Amino acid sequence: MRRGEGILSEFDLGRFEEEAHERWLHAFESNPSDREKFYITVAFPYPSGAMHVGHGRTYIVPDVIARFWRMRQKQVLFPMAFHVTGAPVVGISKRIARNDPKTIHLYRDLYKVPQNVLEEFTNPLTIVKHFAAEYQRVMTSCGLSIDWRRRFITVDPTYSRFVEWQWKHLYEAGHVIKGVHPVRYCTVDDNPVGDHDLLEGDKAEVIKFTLVMFRFGDAFIPTATLRPETIHGVTNLWANPNVTYVRALVDGKAWIISKEAAEKLVLQDHTVEIKEEVPGKDLVDKTVSHPLCGTVPILPADFVDPDMATGMVMSVPAHAPFDYIALRDLQQQGKYTTIKPVPLIKVEGYGEVPAQDAVERAGIHHQMDSRMDSLTQEIYSAEFSKGKLFAKFGGKPVRIAREDMAQEMLDKYDSVIMYEFDTRPVICRCGNKVKVKILHDQWFLKYSDPEWKQQVSDHLKDMALVPPEVRTEFDRTVGWLKDWACTRRVGLGTKFPWDPAQLIEPLSDSTVYMAYYTIAHRIREIDSKLLTPEVFDYIFLGKKSPDLPEKKKLDAMREEFLYWYPYDFRFSAKDLISNHLTFQIFHHVTIFPKDKLPKGMVVFGMGLLNGAKMSSSKGNVFLLEDAVSEFGADTVRMFLTGSAEPWQDFDWRNELVLSTKKQIERFYATITELKGAQGEPQDIDRWLISRLQEHIARMTAALENFQTRQALQEASFGIETDLKWYRRRLPEGCDGSRELATLCSVWTRLLAPFIPFTAEHLWRELGNKDLISFAEWPVADEKLINSKIELSEELLARTVEDIESIKKLIQITPKSLTIVLAPAWKHEVFRTIAQSTDRNTVIKEIMKNDAMKKRGKEATDAAKQCTTLIHRLPPHVVEPLAKEPLNERAVFEAAQAFLEHEFGVPVHITDAESSGHAKGATALPFKPAIVIE
Ligand SMILES: [Zn+2]
């Protein structure tokens with residue numbers, strides 16, 4: 001039987017998981033105590049589908065951190081709840097009700113919802129309750145050390161009372177306002193659309209366009225523009241000959257627009273009455289006119305999108321690369337050759353016709369060139385920042401002329417405003433195209449308020465942000481945030497206190513719930529009807545008022561809150577910086593006193609699956625539950641935390657996950673083998689224990705900084721590599737010493753946060769009765785660090801490596817091996833160079849010495865070689881050698897038996913000057929010459 005085989009047959013992650021789950025059942029329920037607290041939270045999930053491994057990391061990293069600090073003997077709180085408010089599940093339930101095949105496929109086949117449960121999904125609350133239960137089950141199966149007593153869902157009546165209290169404070173502070181506003185809107189859901197409700201287009205912004213009204217017979221043809229000042233340069237309009245337009249009465253006037261535009265205008269405060277269809281081809285070659293540009297023709301263009309604004313485009317070929325190139329294409333076919341671009345803006349760095357200049361300079365030959373967008377942007381920016389209108393058009397700088405012209409057109413030339421997205425498509429979760437709607441009774445959180453922003457910026461300065469690079473992104477978000485539409489008409493959630501027909505939208509009811517966790521398990525005991533704002537004022541702010549109900553219970557809650565709050569760290573993926581993670585600071589600074597404001601945030605990278613972005617809607621996901629049952633929870637945990645640092649993107653690949661499993665197996669086999677060793681301790685044991693102290697110190701520092709990958713490198717590969725060397729160095733017939741029991745105990749504890757199931761099992765095997773989850777984290781003992789032994793072993797290991805590479809090179813069967821040690825004077829040279837601060841002049845200094853002078857070239861050569869060697873050796877080798885030479889002879893003599901055993905030949909140790917070997921001259925300190933014969 002091969003070594004370890006019998007042991008590995010006992011390695012059964014499934015069994016370890018069962019054992020641990022039973023022992024952990026209530027273990028992580030955490031109450032205030034006299035210990036120092038450590039409170040971490042994760043952005044709670046919206047349980048509308050199954051968890052994939054990308055979600056897995058979001059919860060497993062904080063769990064590793066929670067387990068680490070728990071073993072550091074802090075009182076750790078790691079709670080979890082479920083965010084079920086909003087419209088998405090309403091859309092899902094509707095699609096399931098109408099048997100939408102895509103949705104049914106996703107839920108039945110990918111998320112594996114049983115048919116009888118799926119049938120009940122026509123009720124949205126059933127969906128979230130089903131997946132909340134599933135999330136809890138999967139989270140538990142991953143070993144998350146959560147205090148489940150505090151679990152809640154965001155439509156619990158007590159939670160709604162809490163949100164009402166929160167909003168009362170926001171309102172009283174003047175942050176909740178009512179106004180007219182263009183918002184993203186889904187006409188199927190009849191509801192504004194939040195970031196979370198989008199299938200596509202979450203980067204799209206609502207842009208305000210001016211419609212330039214061209215006269216077309218008795219009607220208008222409106223074209224949308226961001227650059228009304230270029231009206232003087234219009235040479236033609238573009239219409240799509242393949243599109244059927246409509247003639248419609250808009251606010252009583254006849255317009256020719258696309259059908260899509262007609263639908264959009266209805267949502268933007270216009271009355272629209274469609275009269276008849278107008279084929280696009282019938283518009284081509286007709287003319288339109290505008291008082292500011294005269295009469296121009298309508299030209300055909302396939303690129304005109306009926307779903308962009310009005311579906312008609314005005315053409316300014318002198319200043320718009322798209323127009324320029326489209327006109328050029330037509331002219332190259334011999335059509336419309338009399339039309340010439342009409343320049344009207346002078347801009348430094350461009351010729352008379354900037355668009356032509358830019359297109360020709362870039363060598364673009366056709367409209368479909370992918371660089372067209374960036375070229376358009378380039379001209380737009382250049383003209384906006386540096387451009388000036390020609391004197392005959394008023395001579396104003398573009399930035400001023402643009403606004404003046406927009407106003408003039410609104411006042412004199414029948415123009416109106418139209419809102420449209422800057423990029424498309426924008427698709428709702430229900431599959432419908434999202435449009436822009438102007439809402440009149442829309443409520444907003446006034447994130448644009450400069451004073452509020454300042455409070456947030458001031459507090460951000462005091463927060464720990466991990467990794468530090470995200471700070472600029474937070475600062476940018478605070479600066480850029482605009483008013484936020486905070487109510488919806490459809491969905492689940494808390495009623496908006498000042499208009500009960502509306503609901504508080506999901507990104508606005510989930511900003512201070514970290515405070516609610518501290519009392520979630522206790523507040524349930526009080527009837528939600530009794531939970532007035534005064535009750536919460538007392539619990540969270542200590543404000544006393546007469547007639548508070550259940551005073552004893554409230555006191556207990558106040559005590560919990562005071563103990564746990566503020567939270568120490570909040571974890572989330574980086575895509576939440578631009579909304580949730582920043583919003584929560586806005587809300588906290590308004591409601592809580594300074595000493596209860598959040599302390600830190602850790603922001604994660606994204607998950608990839610075989611190199612591609614994970615996406616549930618595209619089916620490119622690996623379900624967390626499948627991963628756990630296929631590879632074991634510990635494997636999943638170790639892979640997700642060890643393959644990249646939390647803020648880096650990680651890539652799930654099954655073959656790499658399998659090698660992680662092998663790593664855990666090796667760890668398990670090693671501990672099982674080593675734990676019973678009884679030998680007498682040798683020097684090499686002192687080396688092993690000395691190295692272990694350094695691994696402990698480095699791993700602890702890494703975890704304090706959330707560097708899970710770095711920590712695992714130390715604890716897994718670092719210790720494994722040491723043990724390999726240790727076992728090689730053991731005398732024949734010796735299985736290791738009693739010291740290994742210490743190593744087993746320390747090593748198991750170091751890995752416990754990462755692979756808690758295997759660790760709990762081994763911990764018991766090592767003779768411990770209590771849970772390793774609460775065992776004391778190892779502390780590095782400086783007294784056990786023996787740098788002399790470490791240096792000796794390093795010399796030996798490097799020499800062994802040298803011998804191996806020489807053996808490979810010479811390819812003879814060696815009969816003997818001679819290690820030639822450098823003479824004392826070279827050690828002196830080495831030390832002088834290592835100690836010197838100026839390595840350029842030190843050789844001259846050395847050569848001033850008479851004894852060295854006598855050696856002449858030999859000494860200069862040695863000095864140069866030592867300099868090179870010192871550069872190559874790591875500081876932990878050079879520093880001690882600079883202080884004191886190592887007795888290399890003693891090191892090799894003590895290891896003679898080892899070397900002879902390793903290489904199977906007699907080993908001689910000799911001094912360079914007494915040996916006759918020519919190679920002896922190359923011997924250097926810490927790098928003896930090696931002679932193989
Ligand atoms: Zn929708």
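**Exercise 1.** Is aspartate 189 buried or exposed?

*Solution.* First, the ground rules: this is a predicted model, where local features need pLDDT of at least 70, side-chain atom pairs count only at pLDDT 80 or more, and totals for chains, interfaces and linings use all residues. Residues are numbered from 1 along each chain as its sequence is written, and side-chain values use heavy atoms, with hydrogens and water left out. Now the cut-offs: buried is under 20% relative accessible area, exposed is over 50%, and partly exposed is in between (1.4 Å probe, protein chains only). Aspartate 189 comes in at 13%, so call it buried.

**Exercise 2.** Work out which residues hold the zinc ion, and in what geometry.

*Solution.* Start with the donors (N, O and S atoms within 2.8 Å of the metal, or 3.2 Å for Na, K and Ca; water is not among the atoms, so sites may look incomplete). They are Cys186 (SG), Asp189 (OD), Cys428 (SG) and Cys430 (SG), at 2.2 Å. Next, check the angles: they run from 92 to 126 degrees, which makes the site tetrahedral (four donors, all angles between 85 and 135 degrees). Finally, look at the sequence spacing, C-x2-D-x238-C-x1-C. Aspartate 189 sits in the loop between strands S3 (176-186) and S4 (191-192), and cysteine 430 in the loop between S18 (427-428) and S19 (435-445), so the pair ties together parts 241 residues apart in sequence (strands are DSSP E runs of at least two residues, numbered from the N terminus).

Note on methods: Four donors count as tetrahedral if all angles lie between 85 and 135 degrees; four count as square planar and six as octahedral if opposite donors are over 155 degrees apart and all others between 65 and 115; anything else is irregular. Helices (H or I, at least four residues) and strands (E, at least two) are DSSP runs, numbered from the N terminus.
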